[in-house]
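Hi,

Here is the structure I promised to pass on. Have a look at it first, and then read my notes on the salt bridges and a few other things below.

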Amino acid sequence: MLERTELAAMNREELTAWLGSQGHPAFRGKQVFEWIHRGRDFDEMTNLSKDMREKLKETAVAQPVKIRLHRKSSLDGTIKVLYELQDGNCVEGVVMYYKYGVSLCISTQVGCRMGCRFCASTLGGRIRDLTAGEMLGEILAVNRFLEAGDNSSDRVSHVVLMGSGEPLDNYDQVIRFLKLLREEDGIRLSLRNVSLSTCGLVPKMYDLAREKMPVTLCVSLHAPNDEIRRQMMPIANTYPIRDILEACRFYIRETGRRVVFEYALSDGVNAGRKDAYELAEQLHGMQCHVNLIPLNAVKERTLKGVSDRTVREFMQVLEEKHISVTRRREMGDDIEGACGQLRAAVLGGHPCGPEESDTGEGSYEEV
Ligand code: SAH
């Protein structure tokens, strides 16, 4: 079968040009673009002729992402979704409800090749990059899902690129995706409501800063020095903390936005008071915020989590040193909320082919 063209990856101008190449007049561009950003498939594009819809179906894909399963937390309403892509691969997402809106955690790759020792997403390596259209498709699928729910006016208002994958390892598609968010007639999500999390790919952090987008940069630091960081993250062998922090200072200068450091606490590794003091010293004078996360122990991994007391003590040291710090709200604890865990639980760590069914786990709801 011929590859079908993914229309969700295009901006309005590109879509209009593509439709033109198929013999459709220019005014169709706006119509089809609006339908796609409303999460509609060709059959639902009611202002197109039946003939046009049939032709489009043969050559193009409107919605590249479908929700295959979802699980809702009974604790806080967080919804974990497993998406299925056109080629049968799966990635996951998390919908979180906050006072300020609905936040969606987006995946940028199927799997990940960064190899962090505590993370479930990287267990099977990287299968492939997602396209910009697929990243947008994750939002469109969730918006459609919310529309059909109890609060039908709920829509994704905030996006965090913190699902599976390393966003800066798929740089061009991620930038294209971010630009699609602010297209006229599209979903029009402000880039101020977007956070991008990286394990610290230094050259790409500079590239991102030069884009001058008002995106919040989050850096998975997780350690106060390179020795500890190397035990947790192989990428620490390539980029030392000094270079990461220098890139962060550049990002702050270029964008005017503070950087957020993520720090997953693990007993016996990085969670002692000494570590907190060393971290405070590293971050001294920087326009930043620290997000503490009790490490969510993944069964295939050896790193442990920490007690509440350890988190509190670590936090106190940072506060004493005037570093802005919060503890990340743990959401969806009952639904394998951490990165890659739902996919790993459902798929046994392997990408799913369409032939593989949802074996084993009785409590997943089919959509
Ligand atoms: N690759 C990017 C984004 C994906 S991971 C990055 O490294 O930042 C999103 C965040 O979840 C990162 O801070 C990551 O280190 C963290 N994370 C992954 N697995 C975790 C676990 N088991 N417990 C706590 N945090 C975890």
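Lys55 and Asp51 sit four residues apart in helix H3 (residues 50-59), so about one helical turn separates them. Helices here are DSSP runs of H or I with at least four residues, strands are E runs of at least two, and both are numbered from the N terminus. The side chains of Lys55 and Asp51 meet in a salt bridge, at 3.3 Å from N to O. By salt bridge I mean a side-chain nitrogen of Lys or Arg within 4 Å of a carboxyl oxygen of Asp or Glu. Lys55 is partly exposed, with a relative accessible area of 46%, and Asp51 is partly exposed too, at 48%. The cut-offs for those words: buried is under 20% relative accessible area, exposed is over 50%, and partly exposed is in between (1.4 Å probe, protein chains only).

Before you go further, note that this is a predicted model: local features need pLDDT of at least 70, side-chain atom pairs count only at pLDDT 80 or more, and totals for chains, interfaces and linings use all residues. Residues are numbered from 1 along each chain as its sequence is written, and side-chain values use heavy atoms, with hydrogens and water left out.

Now for the other salt bridges. The structure holds 25 of them. What does Arg128 pair with? Its partner is Asp87, and the closest N and O atoms are 2.8 Å apart. This pair links distant parts of the chain, 41 residues apart: Arg128 is in strand E8 (residues 126-129), while Asp87 is in the loop between strand E4 (79-85) and strand E5 (90-98). Arg128 counts as partly exposed at 22% relative accessibility, and Asp87 does as well, at 41%.

Glu262 and Arg328 form another salt bridge, with 3.1 Å between the closest N and O atoms. Glu262 belongs to strand E12 (residues 259-265) and Arg328 to the loop between strand E14 (325-327) and helix H11 (341-347), so the pair ties together parts that are 66 residues apart in sequence. Is Glu262 buried or exposed? Glu262 is buried, with a relative accessible area of 4%, whereas Arg328 is partly exposed at 29%.

There is also a network of salt bridges, which links Arg12, Lys30, Glu34 and Asp185.

Two backbone spots are worth a look in your viewer. Lys212 has a phi near 50 degrees, which is positive in a residue other than glycine. You'll find Lys212 in the loop between helix H6 (202-211) and strand E11 (216-220), where Lys212 counts as exposed at 52% relative accessibility. His222 is not a glycine either, and its phi is positive at about 65 degrees. His222 lies in the loop between E11 and helix H7 (226-232), but this residue is buried, with a relative accessible area of 5%.

Finally, the overall numbers. The protein has eleven helices and 15 strands, and 55% of its 367 residues count as buried. Taking contacts (heavy atoms within 4.5 Å) between residues at least 6 apart in sequence, 67% join residues at least 24 apart. The protein exposes about 16400 Å², and carbon and sulfur atoms supply 46% of that. Accessible areas come from the Shrake-Rupley method with a 1.4 Å probe; for residues, only the protein chains shown count as cover.

Cheers
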